[in-house]
Amino acid sequence: MSTARQPRPPSGPVPAILRRIRRGSRDVVEAAVSQLFDAAVQPHGVAASGEYRIEDLARLAGTTTRNIRVYRDRGLLHPPLRVGRIVLFNDTHLTRLRLITSLLDRGYNIAHVNEMLSAWEQGKDVGDMLGLESAISGSWATEKPERMSLADAKNLVDDEPGFERMVAIGVIKLEDDGVDATIMRPKLIEAFNEIRQYGVATDKLIDIHEQIAPLVDQISDILVRAGVEHIGDRLNPGAELPPDTEMAEMITMLVRFRTVAVSAVTATLASSIEANVESVVAAVLAQSLESAAPDTEA
């Protein structure tokens with residue numbers, strides 16, 4: 001029987017590094033968090049690679065179009081670009097919107113968020129409010145668990161045996177009250193449901209997921225260890241912490257490492273899948289041509 005995959009606790013040099021950083025000066029905290037969030041509070045007009053309609057922006061940021069309009073009205077988001085009747089947002093809006101959502105999730109209200117963003121834009125120190133350890137080791141998951149009634153969760157999966165398997169592997173968590181369930185991997189289930197429309201059975205999709213998950217863990221382990229080793233090499237045991245500017249650079253590197261690593265792995269995976277799909281399609285076409293070719297033997 002499959003068992004739920006539990007998050008692995010930090011091991012190796014990571015806890016020691018965090019302890020040493022926490023003992024560092026407040027200036028290090030300010031500098032690191034400053035570098036981390038500066039991009040999120042730049043005014044509209046900063047070069048960005050993406051252009052999004054409000055519906056796409058809401059989906060990518062995990063919020064609603066109504067919330068985005070509220071944030072705009074309250075001055076939290078800078079005005080979008082208007083092209084005729086079309087309103088477009090860019091990556092700067094997306095980054096800032098994700099920061100707003102993150103702060104609201106941490107319990108701050110809109111007024112507090114507006115105050116912090118305004119203070120940050122004016123160069124005031126709010127690093128202590130955001131917290132260094134949270135910036136380094138907090139949750140960066142692109143998926144947020146969604147709690148709903150048990151009946152709704154079963155309707156979402158629409159496959160009783162598949163539902164039981166998803167519970168067993170931790171994709172869905174049954175709550176103690178017996179009437180609710182939490183979808184731990186909503187985007188995974190969304191992908192399952194989309195692919196099922198092409199006739200692929202839920203069991204098959206879960207089998208594929210169980211084959212892929214350990215391989216993804218291996219890739220993650222390699223990437224994270226590379227980043228941690230880089231930091232560890234620059235923090236000699238027993239020695240004083242490096243200068244504040246160097247510490248801020250290292251902390252920011254760790255925080256940004258996730259985004260860069262995901263982007264690199266995604267690009268590599270996309271390239272590999274594309275090559276494999278092309279190979280399969282070419283083989284199918286070749287076989288079809290051979291089958292359709294007339295027999296020229298006398």
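Let's start at a pair of residues facing each other: leucine 174 stands opposite alanine 181 in strand E6. Before I go on, please keep in mind that this is a predicted model. E5 and E6 make a hairpin, with five residues between the two strands. If you look into that turn you'll find glycine 178, with a positive phi of about 80°.

E6, residues 180-183, also pairs with strand E4, residues 146-149. That pairing is antiparallel too, and it runs over four bridges. One place to look is arginine 147, which stands opposite threonine 182 in E6.

While we're in this part of the chain, have a look at aspartate 158. Where does aspartate 158 sit? You'll find aspartate 158 in the loop between helix H9, residues 150-157, and helix H10, residues 160-168. Its phi is near 55°, which is a positive value in a residue other than glycine. And is aspartate 158 buried or exposed? The cut-off for exposed is over 50% relative accessible area, and aspartate 158 has 55% relative accessibility, so it counts as exposed.

Let me step back for a moment to the whole protein. There are 13 helices and six strands. Of the 298 residues, 29% count as buried. If we take contacts between residues at least 6 apart in sequence, 68% of them join residues at least 24 apart.

Now to the other sheet I'd like to show you. This is an open sheet of three strands, in the order E1-E3-E2, and the pairing is antiparallel. Which strands stand at the edges? They are E1, residues 51-52, and E2, residues 81-83. Each has a single partner strand, so one side of each is left without a neighbour in the sheet. E2 pairs with E3, residues 86-90, over three bridges. Within this sheet, leucine 81 stands opposite leucine 88 in E3.

Lying across E1 and E3 is helix H5, which runs at about 65° to E3. Just after H5 comes glycine 107, with a positive phi of about 105°.

Quite a few residues of H5 are buried, among them Thr92, Leu94, Arg96, Leu99 and Leu103. What does its side chain meet? It makes a polar contact with the side chain of asparagine 90, at 3.0 Å. The side chain of histidine 93 also reaches the backbone oxygen of proline 79, at 3.3 Å.

Let's zoom in on isoleucine 68. Setting aside its neighbours within four places in sequence, isoleucine 68 is in contact with Ile54, Leu57, Ala58, Thr63, Leu77, Phe89 and Leu97.

I'll finish with threonine 63, one of the contacts of isoleucine 68. Threonine 63 is placed in the loop between H3 and H4. At 15% relative accessibility, it counts as buried. Not counting residues up to four places away in sequence, threonine 63 touches Ala58, Ile68, Tyr71, Leu97 and Thr101. Its side chain also makes a polar contact with the side chain of asparagine 67, at 3.0 Å. And if you go looking for arginine 98, it is 35 residues from threonine 63 along the chain, while their C-alpha atoms are separated by 8.8 Å.

Methods
Residues are numbered from 1 along each chain as its sequence is written. This is a predicted model: local features need pLDDT of at least 70, side-chain atom pairs count only at pLDDT 80 or more; totals for chains, interfaces and linings use all residues. Side-chain values use heavy atoms; hydrogens and water are left out. A polar contact is a pair of N or O atoms within 3.5 Å; within protein, one must be able to donate a hydrogen and the other to accept it, and residues adjacent in sequence count only if both atoms are side-chain atoms. Contact means heavy atoms within 4.5 Å. Buried means under 20% relative accessible area, exposed over 50%, partly exposed in between (1.4 Å probe, protein chains only). Two strands pair if DSSP finds at least two bridges between them. Axes are lines fitted to C-alpha atoms, for helices over the stretch in contact, and angles run from 0 to 180 degrees between N-to-C directions.
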